[in-house]
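Dear colleague,

I am passing on to you the structure we discussed, with a summary of what was found in it. Please read the notes below alongside the sequence and the model.

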Amino acid sequence: MAVSAKPKTISSAPQKNSLAGTIPTKKLTKEQLFKIHAEHIKQQNATQTPNGPRPVKQPNLAEAYPASTKSIRDLEIIPLSDLSVETHHRGKGLIVKVVSPPYLGAGAVSIVEDHWGNVDKLAIYNQGDSAILSGVPEGCIVAIKEPYYVQNGADNDFMICVDHPSDVILLRFIDSIIPEPLRLGPLLKSAGEWTTAGDQAFLQRDFPTAVFCYTEALEGLEDHSAKAPVYTKRAGVNLLLGRYDAAKADALASRIGASTDWKAYYNAGRAAYGLCEYATSKSYFEEALKLNDKGTANVQKEYERVLARVEEEETGNYDFAAMHASLSPTSVHIDAGSFLRNTRVADSGFHGRGLFATRPLKAGDLVYVEKATLMPNQYDPARASAALYSLMVRQLCDNPSLADTMLKLYPGQLPYDLTGAEGSMVDGVPVVDVFVVEGIRTKNCFSSPLSTYDDTKPTYNSVCMAKGLWAHSSLMNHSCVPNTMRSFVGDMLICRATRDVQEGEELFQQYVPVKTLVDVRNKEFEEGWGFECRCGLCEGERKSSEERLKKRKEAMLALEKFLDKKPSTGKGATIVPDATIRTVDKMMRQLEDLHETEVYESLPRLTLVYPCNWLVDAYRAKKQWAKVVKYSLKVLRNFGFNTAPRDEDPAKLTADWDPREIYTRSGEVSLMAVHVVASLRRLAEAYAALGHKELAERCGEAAKFGYTMVTGFSEDVDALGQ
Ligand SMILES: C[S@@+](CC[C@H](N)C(=O)[O-])C[C@H]1O[C@@H](n2cnc3c(N)ncnc32)[C@H](O)[C@@H]1O
């Protein structure tokens, strides 16, 4: 798993176009523009499947520029003929009419005309399906704020490129800012006509247009009692579009002070539920039930559902096994609340904010459970990042209240400072800066399998990973030897303590499974997240000399090279010849000797984990159980579980070794992983084979306990296979 597969860094600015800053003298004529555009549309109609997923134009952070934060009313309106290439026209705006149907690819490309009679090409990206502008209907009039003009391949081919969704505004036909020659006057006159048009659009399932029409209708009405039913209609459509902020506002605006308001509260409750505001949702359903004391079955059902969410938030009681059983490729979003009260956000000594324990926690305890803020059902690694990015943009446009959660996350270093206006409403829409969104995505997203439990099974296709945002979890800083471990069941992130944690202690997670060598893993942190890790393991290992580090690296690479062609387990494994085992054992001991005691006495020795695991498997295949014990104990020790006995004689251990204590008594610098569970299982098997039943049972129990930390909920260690 990874917080982000390969976070992007901001590279140097792209090469400058020789025309940059100039008004092009050679441009396509109006006729050429229309002709080429018509050909593109013809081609599109011939090749594209209607309603198929549209590609996403993912932002290149190297070319980042800020979204406009100005109102169109404060900008100087300029003609299309004044646009200069590779230029962000700060302080300027365009008002244009769309004079062609759109060509739909990663963006919507249309031909537009200004009131001076100039025409040009407009490409609008990053509009969600719920926005009319995702399709840019012919005839609509749009304002483009602080336009960016680019060359589009061929010498004389240029276009206005709108990356930030809030940089383009769909204007109402009666907006006084529209210059006279572009004005049509409203197509429909009365509120009644607009309402009927909204109803028709609704019946045709064109929900964005329905919202547009109901909005026009509301503008034309003055009397609240006449407005109320239109608000109710618009609330319903907004609910269908997942525009919960607007749905909630509409539902509340539809109240008229009568008992029929139960419907308004019911809709407001559903909208708040959609926003995961369960306590608020509960209070709206209660109002609805008060007004309609017979309680319609629907309200009662929704009320009971929200009560379950509130209880989960308060108690952290979940039936994870049932959640897991409910997962399927089409059903990955779990209906559950987040349990966060064992943690709080505070300043960290490591970086910015971090998460801290609000009460003492025992190893294995639930630290928190978080439902994804956003997680698209997209497990194809080639599409997962783009899917998350476009969902983040869409949700910020559709539900501006999400900005409070999402835009507070760390965006990494952008080439410009945040304006502070991101997320605020300008010209009726929230300012959404796609480069900030992408920065937040790369620094904060997690990769998640459908379930971690299944992901540990040897047969599972671990390439299938979705990407999601868990806003609370993102606030946790990284440590290579963390005190928590995360796992996933669908879009629920389960975080468990891997050792005892005191009240007030900072909580850490591993951003990625850590590389064995201190310099290699820190290069990854530096490139991906811009920090150098100062955890106990990294600080400890830095005390080792450069020369030692170099020698360890060489020994490790030689060992890995030797082992590469000699699988001791799984596909291609055969019984390994004794001579090979002896060589591996010797090379492993040489590598072991390169770990100086003064540095590694109680630190994990990660370079040794792989060869020791290899030896466990090789001896197990030969049923040499004493050796299995020896090397399994070494694996535990190499993960930093230094209370694992170093003397492998079972006779000495039977009385007083409780393997569960590895979790509680190893100190701060140990590393929990599924391999630890696997080693405990191997120990259990080997002790049993050697006749040490009691020890075997204890190891089995410790393995089950550890597996719960790894998977979030399951003790079924047999899932790990043979
Ligand atoms: C997902 S954020 C974590 C929350 C962050 N501390 C904040 O204030 O929003 C990731 C960023 O936190 C910082 N960070 C995380 N772990 C760190 C650590 N161990 N040492 C220093 N900085 C760390 C890095 O800047 C990283 O890019």
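This is a predicted model: local features need pLDDT of at least 70, side-chain atom pairs count only at pLDDT 80 or more; totals for chains, interfaces and linings use all residues.

Domains

The domain assignment divides the protein chain into domain 1 (30–182), domain 2 (191–315) and domain 3 (543–720). Between the C-alpha centres of domain 1 and domain 3 there is a distance of 60 Å.

Surroundings of the ligand

The ligand has 18 residues around it, and those that come nearest are His 351, Gly 352, Asn 477, Trp 529 and Phe 531. Sorted by class, this shell consists of ten polar, six nonpolar and two charged residues. At least two residues of the shell are supplied by each of β12 (353–357), α12 and β18 (477–478).

Helices α10 and α12

Helix α10 spans residues 381–398 and helix α12 spans residues 434–444; their axes come within 10 Å and cross at roughly 130°. The two helices are therefore oblique to each other, and α10 passes α12 in a right-handed crossing. On the α10 side, the contact is made by Leu 388, Tyr 389, Met 392, Val 393 and Leu 396, while α12 brings Val 434, Val 437, Glu 438 and Arg 441. Seven residues of this contact are nonpolar, two are charged and none is polar.

Helices α4 and α5

Helix α4 (residues 224–241) and helix α5 (residues 244–253) have axes that come within 8 Å and cross at roughly 160°. An angle over 145 degrees counts as roughly antiparallel, and α4 and α5 are therefore roughly antiparallel to each other. Their crossing is left-handed. Tyr 231, Arg 234, Ala 235, Asn 238 and Leu 239 of α4 make the contact with Ala 246, Ala 247, Asp 250, Ala 251 and Ala 253 of α5. By class, the residues of the contact of α4 with α5 are seven nonpolar, one polar and two charged.

Helices α17 and α19

Helix α17 (residues 578–593) packs with helix α19 (residues 609–621) at an angle of about 155°, the axes being 10 Å apart. This angle makes α17 roughly antiparallel to α19. The crossing of α17 and α19 is left-handed. From α17, the residues Ile 581, Val 584, Asp 585 and Met 588 meet Pro 611, Cys 612, Trp 614, Leu 615 and Ala 618 in α19. Eight residues of the contact between α17 and α19 are nonpolar and one is charged, with no polar residue among them.

Yours sincerely

Notes
Residues are numbered from 1 along each chain as its sequence is written. Axes are lines fitted to C-alpha atoms, for helices over the stretch in contact, and angles run from 0 to 180 degrees between N-to-C directions. Helices (H or I, at least four residues) and strands (E, at least two) are DSSP runs, numbered from the N terminus. Angles under 35 degrees count as roughly parallel, over 145 as roughly antiparallel, 65 to 115 as roughly perpendicular and the rest as oblique. A crossing is left-handed if the near helix is turned anticlockwise from the far one by less than a right angle, and right-handed if clockwise. Two residues are in contact if their C-beta atoms, placed from the backbone, lie within 7 Å. Ala, Val, Leu, Ile, Met, Phe, Trp, Tyr, Cys and Pro count as nonpolar, Asp, Glu, Lys and Arg as charged, and the others, Gly among them, as polar. A residue is near a molecule or strand if its C-beta atom, placed from the backbone, lies within 6 Å of it. Domain bounds come from an automatic or database domain assignment.
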